[in-house]
Amino acid sequence: MYDTISFEKFQSLQSKYKDVLHAHYSALEQIGIMYTVANNLTSVHSPEMQQVIDLCLYDISLAPKIAQYFKEESIVLNNEYRLPDYGSFKRLAIIYEKQNRLIDAINICKKAIALGFYQDGTYGQIPGRMARLIKKAKDTNLLISSNTQTMNCPHCRKEIDINSNFCNFCGQKQ
């Protein structure tokens with residue numbers, strides 16, 4: 001059970017992040033609806049899909065504040081700090097891949113991982129998605145700049161080679 005002080009701290013935290021949380025969850029709902037309509041009724045290069053991209057980019061701009069909220073929440077509730085799936089990263093990577101903007105998709109994955117949002121509800125998570133995109137980019141002879149050859153380990157956050165099967169720092173399998 002939570003004591004009165006913990007409850008008050010949690011209420012204060014909710015109040016502090018109310019606007020950004022509302023903006024994030026509203027954006028996620030709109031992205032879901034707009035993407036489904038645009039994906040089924042228009043092309044991936046349509047103005048409607050561009051609106052989805054713009055909304056994803058807006059929501060991604062909120063990600064650092066959302067991460068901070070979850071960090072503070074874990075302290076207030078005395079829980080393990082763990083970030084949830086942040087759907088806008090996955091959705092934008094998918095759109096960019098469909099548009100054959102593989103480098104942009106890779107960079108979105110890198111940003112998600114750098115912020116700690118490496119989960120996306122798939123088996124390989126964002127690191128697996130990024131590895132697949134890098135392979136696809138190489139297979140299509142796209143030049144991948146050296147800054148896309150590393151990522152942050154989702155476990156210890158140290159920079160590691162994207163082609164490595166495990167982190168040299170913490171030993172976790174990637």
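Helix α4 is followed by N78, a residue whose phi is positive, near 55°. Helices here are DSSP runs of H or I with at least four residues, strands are runs of E with at least two, and both are numbered from the N terminus. The model is predicted, and local features need pLDDT of at least 70, side-chain atom pairs count only at pLDDT 80 or more, while totals for chains, interfaces and linings use all residues. Residues are numbered from 1 along each chain as its sequence is written, and side-chain values use heavy atoms, with hydrogens and water left out.

**Overall architecture**

- The protein contains seven helices and two strands, and their order from the N terminus is α-α-α-α-α-α-α-β-β.
- The protein has 174 residues, of which 40% count as buried. Buried means under 20% relative accessible area, exposed means over 50%, and partly exposed lies in between, with a 1.4 Å probe and protein chains only.
- Accessible areas come from the Shrake-Rupley method with a 1.4 Å probe, and for residues only the protein chains shown count as cover.
- Among contacts between residues at least 6 apart in sequence, 56% join residues at least 24 apart. A contact means heavy atoms within 4.5 Å.

**Helix α4 and residue E73**

- Helix α4 has 15 residues and reaches 21 Å from its first C-alpha to its last, close to the 21 Å expected at 1.5 Å a residue. The expected span is 1.5 Å times one less than the number of residues in the helix.
- The buried residues of α4 are A63, I66, A67, Y69, F70, E72, E73, S74, V76 and L77.
- E73 lies in this helix, which covers residues 63-77. E73 is buried yet has no salt bridge, and R82, the nearest side chain of opposite charge, is 11 Å away.
- When residues up to four places away in sequence are not counted, E73 touches F10, L13 and N78.

**Salt bridges**

- A search of the whole structure finds six salt bridges. A salt bridge is a side-chain nitrogen of Lys or Arg within 4 Å of a carboxyl oxygen of Asp or Glu.
- D120 pairs with R129, and their closest N and O atoms are 3.0 Å apart. D120 is buried at 2% relative accessibility, and R129 is also buried, at 10%.
- R101 pairs with D104, with the closest N and O atoms 2.9 Å apart. R101 is partly exposed, with a relative accessible area of 31%, and D104 is partly exposed at 30% relative accessibility.
- K135 and D139 meet in a salt bridge of 3.1 Å, N to O. K135 is exposed at 53% relative accessibility, and D139 is exposed with a relative accessible area of 53%. The two residues are four apart in helix α7 (residues 125-139), so about one helical turn separates them.
- Salt bridges that share partners also join E97, R132 and K136 into one network.

**Residue L92 in helix α5**

- L92 is found in helix α5, which covers residues 87-98, and L92 counts as buried at 0% relative accessibility.
- With residues up to four places away in sequence left out, L92 touches I53, C56, L57, I60 and I108.
- L92 and A105 are 13 residues apart in sequence, and their C-alpha atoms are 7.2 Å apart in space.

**Positive phi values**

- N100 is not a glycine, although its phi is positive, about 65°. N100 sits in the loop between α5 and α6 (102-115) and is exposed, with a relative accessible area of 53%.
- Q125, also a residue other than glycine, has a positive phi near 55°. Q125 is in helix α7 and counts as partly exposed at 21% relative accessibility.

**A nonpolar surface patch**

- I33, V37 and L41 make a nonpolar surface patch of about 320 Å². Patches are made of residues with over 30% relative accessible area and no salt bridge, where like charges are joined within 9 Å and nonpolar side chains (Val, Leu, Ile, Met, Phe, Trp, Tyr) within 5 Å.
- V37 belongs to helix α2 (residues 18-41) and is partly exposed, with a relative accessible area of 45%.

Key. Lys, Arg positive; Asp, Glu negative; His and termini not counted.
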